[in-house]
Amino acid sequence: MALRDAGRTGRRIGRAACAVAALLIAAACAPEEPPPPAETRLLLEPAAFSDLPGWNDDRTAEALPALLRSCGRLLRQPADRPVGPDGLAGTVADWQAPCEAAAALPAGDHAAARGFFAGMFAPFAVLKADPQGETDQGLFTGYYEPELDGSRRPDATFATPLYRRPVDLVTVDLGEFRADWTGESIVGRVADGRLRPYPDRAAIDAGALDGSAAELIWVADPVDAFFLQIQGSGRVRLAEGGQIRVGFAASNGHPFRGIARDLIDMGVLPKEDASMQAVRDWLRANPDQASALMQKNPRYIFFREITGPDAEANGPLGAQSVPLTPMRSLAIDPRFLPLGAPLWLDTTWPAGTPENGQPLQRLMIAQDTGGAIKGPIRGDVFWGTGEAALERAGGMKQAGRYFLLLPKPVAERRQTAS
């Protein structure tokens with residue numbers, strides 16, 4: 001997502017995490033949230049499992065399927081490959097024993113799962129350090145997988161295309177040109193021998209891709225298509241029968257801009273009510289203004305059809321290329337944290353849920369990224385698929401913290417080095 005804006009990810013949801021950017025397109029989708037200053041650092045402070053609020057109350061075994069999916073991805077890599085930024089989580093070899101032990105655990109045994117994590121991992125409180133000081137507090141939002149109505153053929157009902165990655169879209173890895181640009185990329189297309197920006201949302205809506213044969217599928221609601229791009233992946237119920245899952249393939253490279261702020265500035269939505277649902281409802285109720293408002297977000301997401309076993313999974317593919325697990329998968333900033341690692345989340349339930357304001361404390365697995373998910377303490381909770389998930393994800397904008405769980409050999413090396 002998210003949204004988060006699906007597209008940072010190379011993801012996201014698909015998301016990429018699709019993914020997604022800043023902090024509101026909705027309360028959970030991001031407005032123009034600036035990246036953290038270059039001096040921002042992640043610090044890890046050793047902790048004990050007794051320091052994790054609610055640790056003994058979680059249904060910990062529910063996180064094991066997500067962990068095992070990440071293990072499957074991780075262990076296919078060379079044993080000496082670093083895990084996480086600058087090898088924060090050691091090497092692939094450090095994860096072999098925990099992953100093998102996790103696979104042998106009995107399903108649904110929460111006590112056994114807690115014992116496994118306590119035996120194999122050591123927790124660290126995650127702190128953010130910048131010129132303003134240190135804190136363990138950050139922001140947590142939510143994202144979901146939309147469901148849309150669509151068709152493989154356009155007609156009067158299904159008139160809004162979802163595009164696959166255009167053949168002329170070029171992604172440049174800037175790290176191949178300069179070491180200090182590692183991790184950065186730009187997107188464009190070549191014209192007259194020069195790389196130029198790819199068309200933005202307004203240009204694409206106006207027909208910039210007409211005749212390119214890039215249409216993947218057509219959907220009934222342009223507002224749903226817009227939110228699908230923010231979330232990064234979704235399911236499409238086909239008029240011909242059955243359904244398909246689509247995921248992030250690429251973005252046009254333009255920055256994400258959340259439009260909730262525009263509705264707040266226009267005076268049509270109070271800031272406290274600017275959830276994803278409220279933004280969507282306003283767009284649907286004002287079709288004469290909806291297109292122009294959506295075009296204020298220049299970012300455009302291209303999709304691919306997900307096939308094979310991943311198409312039938314309970315969740316979409318995240319940035320780690322494994323299916324996401326509702327309420328157990330978390331999107332994080334991979335510049336600071338390792339994908340595949342367990343995190344203990346300590347935040348509160350969002351407004352609009354029966355549990356509003358109560359502690360939300362559970363084991364999550366870092367499996368996704370998003371354009372809005374920036375910084376050492378910034379997370380996006382995947383809530384699941386459909387309207388019920390939207391009801392929970394749409395209002396999530398909570399303060400909170402998390403603890404990173406590292407394999408014990410990695411933790412011991414960190415403590416020895418310090």
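Me: What is the bridge partner of Val172 in strand 10?
Reply: In strand 10, Val172 has Ile186 as its bridge partner. The model is a predicted one, in which local features need pLDDT of at least 70, side-chain atom pairs count only at pLDDT 80 or more, and totals for chains, interfaces and linings use all residues. Residues are numbered from 1 along each chain as its sequence is written, and side-chain values use heavy atoms, with hydrogens and water left out.

Me: What makes strand 9 and strand 10 a pair?
Reply: Two strands pair if DSSP finds at least two bridges between them, strands themselves being DSSP runs (E, at least two residues, just as helices are runs of H or I of at least four) numbered from the N terminus. Strand 9 and strand 10 (residues 185-191) are joined by 4 bridges and run antiparallel, so they meet that definition.

Me: Why are strand 9 and strand 11 called edge strands?
Reply: The open sheet of 3 strands has the order 9-10-11, with antiparallel pairing. Strand 9 (170-173) and strand 11 (194-197) are its edge strands because each pairs on one side only.

Me: What makes the pairing in the open sheet of 6 strands mixed?
Reply: The order of this sheet is 8-12-7-13-14-15, and within it strand 7 pairs with strand 13 in the parallel sense over 4 bridges, whereas strand 7 and strand 12 are joined by 2 bridges and run antiparallel. Gly150 has Val219 in strand 12 as its bridge partner, while Leu148 stands opposite Val236 in strand 13.

Me: Why are His110, Ala113, Arg114, Phe116 and Phe117 called buried?
Reply: Buried means under 20% relative accessible area, exposed over 50%, and partly exposed in between, with a 1.4 Å probe and protein chains only. These five residues of helix 3 (residues 110-120) are buried, so each lies under 20%.

Me: What makes Asp109 a cap of helix 3?
Reply: A side-chain oxygen of Asp109 lies 3.3 Å from the backbone nitrogen of Ala111, at the N-terminal end of helix 3. A polar contact is a pair of N or O atoms within 3.5 Å; within protein, one must be able to donate a hydrogen and the other to accept it, and residues adjacent in sequence count only if both atoms are side-chain atoms. The 3.3 Å between oxygen and nitrogen is therefore within the 3.5 Å limit.
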